[in-house]
Amino acid sequence: MNPSENSSDRPQVAIAILRYGSRFLLQLRDDIPGIFYPGQWALFGGHVEPGESTDDAMRRELLEEISYAPPVLKIFGCYADDRAIRHVYQGELEVDMDKLILKEGWDLDLWTPEEIRRGDRYSLRAQQVRPLGNLHQRILLDFLDT
């Protein structure tokens, strides 16, 4: 679907694929009804504010959620459905995990490509296996295939 079609009635979202070596940083979203992908693993990011560029939104969201944004973020692609238009960025996580401050979400961790393909992962904080959101898995698989 062309992202410009009917874009005014769908939220614009910026999300990031953050790679640390051969692993990928994911967030376990809060288990709150009414949010996208509650209680599921997902990419970091969020809504683009009115008048804000997707580049600025991506940096703002990462700083709000983990107190870190990579010096270089490049657009990977755009994924549109009836719920949102997602502008997907990619970047390298250039700091160790202990430098990240999780300010939004239930947990964060680095996933291997094998775990992404499987589609679920144990969370130490949740103390249970939680699924990777379907769309986020598709995006990551697309990235792995490039």
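Phe143 counts as buried, because its relative accessibility is 8%; buried means under 20% relative accessible area, exposed over 50%, and partly exposed in between, with a 1.4 Å probe and protein chains only. Colleagues, please note that this is a predicted model, in which local features need pLDDT of at least 70 and side-chain atom pairs count only at pLDDT 80 or more, while totals for chains, interfaces and linings use all residues. Residues are numbered from 1 along each chain as its sequence is written, and side-chain values use heavy atoms, with hydrogens and water left out.

I turn to the ring pairs. Rings of Phe, Tyr and Trp (its six-membered ring) pair if their centres lie within 6.5 Å; planes under 30 degrees apart are stacked, over 60 edge-to-face, and the rest tilted. By this rule there are three aromatic pairs. Phe24 and Phe143 form an edge-to-face pair, because their ring centres are 5.9 Å apart and their planes stand at 85°. Since Phe24 belongs to strand 2 and Phe143 to helix 3, the pair ties together parts 119 residues apart in sequence. Helices (H or I, at least four residues) and strands (E, at least two) are DSSP runs, numbered from the N terminus. Phe24 is buried, at 3% relative accessibility.

What of Phe76 and Phe143? Their rings are also edge-to-face, because the centres lie 5.3 Å apart and the planes meet at 70°. Phe76 sits in strand 5 and Phe143 in helix 3, 67 residues apart. Phe76 is partly exposed, at 23%.
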